[in-house]
Amino acid sequence: MGAYVITGGKSLSGKIRVQGSKNSSLPILASTLLNAGKNVIKDVPNLKDIKVMTDILEKLGAKVSKSGNILEMDSSNVNIWEVPEDLMREMRSSIVLMGPLLGRFKKVRVSYPGGCEIGPRPIDLHLKGLSLMGATLREKHGFIYAEAPALRGADIHLDFPSVGATENLMMAGVLANGKTIIRNAAKEPEIVDLQNFLNRMGAHIKGAGTDTIKIDGCGSDELKPVEDYTVIPDRIVAGTYLVAAAITRGQVTLKNVVLEHMEPILAKLRETGCKLECCDDCINLTADTTLRSLDSLRTLPYPGFPTDMQAPMMALLATVEGTSILTETVFENRFKHAEELRRMGAHITINGNTAIIKGVRKLTGAIVEAKDLRAGAALVIAALAAEGETTVYGSSHVERGYERLEDNLSSLGAEIVKKK
Ligand code: EPZ
């Protein structure tokens, strides 16, 4: 199993550029199925999850070419609507292929994505919305078949502002007859990025970023390939590097950020006592020894504090003086990193979906294991601040979301190597 080996105790300093957003690139790549042409998408991060998505699209008949972070996705000859099961199992977010495939072929077959380390992850909201749009759903041998000879617009109220369900229904609505309204929609910046890409393609969508999104369906002949689109920066990766700077009491400047997207994270870092200077697309963070605990940190859908930053923040709060209360409200089982942080000397008590974190003077190096993507990032961050050497097994989880993490951290002065 691949691992990171880290010798802690070095304060990070320097500048790095933040990669493009994984959680924007994935639905945008899926949406290229709606038009039949050559799309060019820029600043797509080189990550395992992106590779799985492009492998799926190639299996469906797309032609993919890549140079650096520029992806050319030619969907002209896509003629398959059954998503390969093996690849779908590798990445649950491939469920967002349902909307565009149903829009283009009026039928789709996917396998049940099933749960993962952080929770049962049902897709009931996706399926409920698609059936309101006239799709008939059948489950057989672990597959879901959806058919909609005449996909129609519908007024859909989501029980929870699910990111994936909002993205899937937006894409299904593009080629549906009539208007689709998604109420209590997710408001994440990645939703707005998807709307902007789809509208560049010729779709008619309004309201992304608010809790009500309206899509006026159009004909496939009205959609054209997008010849030049750059995805937004990855706010979670940016947040992770800021926390790495804070936990080592260092000073780091990030370039290529959207400040508005970062605000929910910056607000909490300020509350701990980090000093932040921001300019158009960059953030400078300085942290010294006086950081303090947080009475309350609660994860919520955007613009609340992102659940994907919960694990890195737990690592930081384990090293600041005082007691912090952290509540995870989005996923049922997203505290797997707490046990591993305890191996490093952290003082964390879990009570249901609440973690009580008593800061300790110093963490100590240990052998730990990443059980999921953000948990892995949290353990790497904790190791940067710990006394001695730490081995973080499960680097493959981290590579799903962070491009060249060890190189970026080394460039900021960290002592980290990746071992196969
Ligand atoms: C997206 O996942 C992100 N993934 C996740 O990031 C992120 O944690 C999550 O949104 C929340 O912000 C991508 O964008 C690829 P949801 P998604 O549907 O779409 C429940 C990372 O680390 N729910 O908003 O799967 C669900 O169980 C990943 O990059 C239903 O009950 O998240 C969860 O508790 C991890 N029924 C909550 O809603 C449904 O049909 C939020 O899920 C759908 C979701």
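1. The crossing of helix 10 and helix 11 is right-handed, a word used when the near helix is turned clockwise from the far one by less than a right angle. Helix 10 covers residues 310-317 and helix 11 covers residues 336-343, and the two pack at an angle of about 25° with their axes 10 Å apart; here an axis is a line fitted to C-alpha atoms over the stretch in contact, and angles run from 0 to 180 degrees between N-to-C directions. Helix 10 and helix 11 are therefore roughly parallel to each other, the term for angles under 35 degrees. Helices are DSSP runs of H or I with at least four residues, strands are runs of E with at least two, and both are numbered from the N terminus.

2. The model is predicted, with local features needing pLDDT of at least 70 and side-chain atom pairs counting only at pLDDT 80 or more, while totals for chains, interfaces and linings use all residues. Residues are numbered from 1 along each chain as its sequence is written, and side-chain values use heavy atoms, with hydrogens and water left out.

3. On the helix 6 side the contact (heavy atoms within 4.5 Å) is made by residues including Val-163, Met-170 and Val-174, and on the helix 7 side by residues including Ile-191, Leu-194 and Leu-198.

4. Around the ligand there are 22 residues, of which the closest are Asp-124, Ser-162, Val-163, Asp-308 and Val-330; a residue is counted if one of its heavy atoms lies within 4 Å. A polar side-chain atom of Asp-308 is 2.6 Å from an oxygen atom of the ligand.

5. Two details of the backbone deserve a careful look. Most residues other than glycine have a negative phi, and most peptide bonds are trans. Arg-121, although not a glycine, has a positive phi of about 50°, and it is found in the loop between strand 6 (107-111) and helix 5 (124-132). Tyr-302 and Pro-303 are joined by a cis peptide bond with omega about 10°, and Pro-303 is in the loop between strand 17 (297-298) and helix 10.

Conventions: Polar contact = N/O pair within 3.5 Å; in protein donor to acceptor, adjacent residues only side chain to side chain. Parallel < 35°, antiparallel > 145°, perpendicular 65-115°, else oblique.
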